Amino acid sequence: MQINGVTIDDTFAEAFDMKATRLVVTGQDPWWVSRACDALTGFGTSVIACGVEIDVEQTLAPDQTPDGRPGAMVLAFAASGTELRKQIPTRCGQCVLTCPTTAVFDGTGDLSVPVHRDDPVPLGKTLRFFGDGHQISKTIDAVRYWRIPVMDGEFVCQHDLGWFSGIGGGNFLLCGDSVAVVADACRAATEAIASLPGVITPFPGGATRSGSKVGSKYDALFASTNEAFCPTLRHLPQSQIDDQTHAVLEVVIDGVDQASIANATRVGILAAAMKCGSQGLHRITAGNYGGKLGKHHFHLHALLSGSAESPDSSTEDASS
Amino acid sequence: MKSWKLSLRQTPHQRIDARVIGLQAFAKMTIDQVRHARLSAGHKSVELAEYFNVEDLTSEQPTIMVEGDLSRFDHLASGHHGGRFEVQGNVGHDLASGMAGGEVIVHGDAGDRVGGPVDHGRVGMSGGKVVITGDAGRRAGIRMRRGDLWINGDVMPGVGAWMIAGTIVIGGRTVATGDDGGRVGFGMRRGTIVCGELSAIDRRRFTTPVPMWTAVIGPMLRSVEPWKPHCPRVAKRFARLSESLDCLRGDLADGGMGEIWIPPKD
C-alpha cells in the first residue's frame with residue numbers, strides 16, 4: 001500500500017490492556033492550567049520506569065469544566081491498578097496541589113467505556129491530610145469534594161476518581177532518509193492526533209526514538225533498545241531497516257478504547273505521509289511482538305483502507 | 001417500591017404527629033393498611049383515612065405526594081431515607097427530622113426545626129436534600145449532620161444552630177427578632193450556611209468576613225440548576241456568590257470549623 005509515495009507495511013501494531021483514569025485540572029486561566037499539567041504529566045512517558053503514561057488529552061473551555069474555569073483533561077495509564085492508585089495522588093499532591101489557583105476533578109464521568117467506582121483511585125482521600133485538620137469535606141450530588149486551605153485560598157479536589165481498562169502501546173514507526181524529515185513527519189502526526197478525543201501520545205513531542213523490545217541481555221532490565229530498527233545496526237540479521245532508511249521514530253498512542261487508538265493511528269499516519277511523503281519519508285510500519293504481548297492488534301492496511309470491522313465486535317483484532 | 005398520593009380531606013383542630021406517613025413505613029402495606037395506619041393526635045390516635053384520601057401512584061421513582069395545608073401535621077418525612085417526599089402546601093414542625101437520604105420538597109412554608117433530630121435525639125438529618133419553596137420557622141437545620149437544606153424564602157432565628165455539617169442555603173432573609181442577628185449558626189461545629197446580608201453577628205463567636213473563592217461553588221451551581229424552578233432565590237444566591245463571597249468562620253466557641261457565606265458588601 002502506498003500513500004503519497006510512502007510505503008505502508010502490511011503489518012500490525014500490538015497493544016495491551018492498562019488501568020487508566022482521567023482527571024480534569026482547572027485553574028484561574030489557561031496559563032496556570034498549562035503549568036499544572038506540565039508538572040503533572042512530567043516524567044510520565046513510559047510505564048517502564050515512570051509509573052504511569054500520562055498526558056493532556058484536550059484543553060477545556062470554562063463551560064466544559066465542573067467549576068466553570070479553564071481546564072484540561074488528562075489521561076493516565078498504568079500497568080496495574082495498584083500503581084495507578086499510587087501515582088495519581090503522588091503526582092497531584094506534588095504538581096497540582098502546589099500550583100496556584102488549581103483544582104482537580106474526576107473526568108471519567110462522560111467516558112463511553114465502563115468506569116469502575118469500586119476500589120477507586122484516591123485523590124482527596126489522601127491529599128486532605130495536608131490540611132492538618134483544617135480541611136473541609138463537601139458532598140454535592142453524591143460526589144465528595146475536599147477543600148484544603150492553602151496560601152492562595154483553597155485547593156479543591158474530588159475524594160476519588162473512577163478507573164477503567166484502557167489500552168496502551170498503540171504505535172507506528174516512521175522511516176525516512178534523514179532525522180530532520182522523520183522528525184517533521186512525527187510532528188505532523190502528533191499534531192493531527194492531538195485534536196482527537198480519548199487518546200494521548202505520552203512521549204516527548206508524541207514520539208520516541210528509543211523504541212524498545214521486551215527483555216535484555218542484562219538481567220536487571222526488562223526492556224532494551226529495539227535493534228531491528230536502529231539504522232547503525234542494519235548489519236544485524238534481525239534488522240528490519242532497508243538501505244534507504246537512515247532514521248526511525250515511533251509514535252506511541254494510549255487510548256480509552258480500541259476505536260480511539262485505531263482512529264488516531266489512521267489520522268497520524270495520513271498526516272505524516274501527506275506532509276513528508278515527497279520529502280524523504282518513504283516507509284511506515286508498526287511494532288509488534290508476533291501477537292504474543294498484547295491482545296489488541298491494529299493492522300495498518302485495514303485501518304487505512306477503511307476495511308476494519310468495528311472495534312466493538314467480538315474480535316480484539318482491529319483488522320480482522 | 002410503591003408510590004402514594006395523599007389528599008387532605010379536612011384540617012384537624014389539634015396538632016397531628018404524622019411521622020407514620022413515609023415511603024419506608026408504607027413499603028409493605030396494602031392501600032387498606034395505609035388507610036388504617038394510626039396517626040398520633042395528642043393522647044389519642046386517629047386513622048389516616050380520617051384526614052386523607054389515599055391513592056396508588058405510578059411514578060419513575062418511589063414517591064409520596066401529599067396535598068393540602070398540612071400546617072398542623074408535624075414530623076412529616078421523619079426518617080426519610082430514599083425516594084421523593086413531596087408536599088403541595090405548608091407543613092408543620094420537625095419536617096424531615098432524622099432524614100438520612102432521598103429528597104423532600106415542600107411547595108409552601110415549613111414550621112420549626114426542619115431537618116432537626118427526631119424528638120430529643122442529638123443528631124439531625126444525616127443525608128439527602130430538603131427543599132422549601134417558601135419560608136421556614138425557627139432553628140431550621142438544628143443539629144444537622146449532613147445533606148442539603150435549601151430554603152427559598154426567609155428563615156426565623158436559630159438557623160443552623162448546633163449544626164455538625166452539611167449545607168444550608170437561604171434564598172431570603174435571616175429574620176432577627178432581637179439585636180443578635182437571628183443567631184445564625186449558633187454553636188455550629190462544621191458545615192456551611194449560605195445566606196444574604198447579616199444584620200448582626202456575635203463577634204465573639206464568628207470571625208470577621210474574609211473574601212474567599214472556592215472551586216466547589218461550580219459543582220454547587222450545577223446541582224441547583226434542575227431545582228431552579230422550585231427555588232429561584234436559592235439559585236440566585238449561588239450565582240451571586242460564584243462571583244465573590246465573604247466567609248465568616250465559627251462558632252469559635254465550638255471549634256470554629258463552620259462557615260457562613262455572605263455576599264461581599266459593595
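In chain B, Asp32(B) and Arg35(B) form a salt bridge, and their closest N and O atoms are 3.5 Å apart. The model is a predicted one, and each value given here is computed from it. A salt bridge here needs a side-chain nitrogen of Lys or Arg within 4 Å of a carboxyl oxygen of Asp or Glu, so a distance of 3.5 Å between Asp32(B) and Arg35(B) qualifies. Both residues belong to helix H2 (residues 31–35) of chain B; because they are 3 residues apart, about one helical turn separates them. Asp32(B) has a relative accessible area of 44% and is partly exposed. Arg35(B), at 29% relative accessibility, also counts as partly exposed.

Where do Arg35(A) and Asp38(A) lie? They are in helix H1 (residues 30–41) of chain A, 3 residues apart, which is about one turn of the helix. Arg35(A) is partly exposed, with 30% relative accessibility, and Asp38(A) is partly exposed, with a relative accessible area of 43%.

Another helix of chain A, H4 (residues 179–194), holds Arg187(A) and Glu191(A). These two form a salt bridge whose closest N and O atoms are 3.1 Å apart. Why are Arg187(A) and Glu191(A) separated by about one helical turn? They are 4 residues apart in the helix, and therefore about one turn lies between them. Is Arg187(A) buried or exposed? Its relative accessibility is 55%, and exposed means over 50%, so Arg187(A) counts as exposed.

Salt bridges can also link several residues. In chain B, Asp202(B), Arg204(B), Arg205(B) and Asp251(B) are joined in a network of them. Over all chains, a search of the whole structure finds 28 salt bridges.

Conventions. Residues are numbered from 1 along each chain as its sequence is written. Chains are lettered from A and ligands numbered from 1 in the order in which they are written. This is a predicted model: local features need pLDDT of at least 70, side-chain atom pairs count only at pLDDT 80 or more; totals for chains, interfaces and linings use all residues. Side-chain values use heavy atoms; hydrogens and water are left out. Helices (H or I, at least four residues) and strands (E, at least two) are DSSP runs, numbered from the N terminus. Buried means under 20% relative accessible area, exposed over 50%, partly exposed in between (1.4 Å probe, protein chains only).
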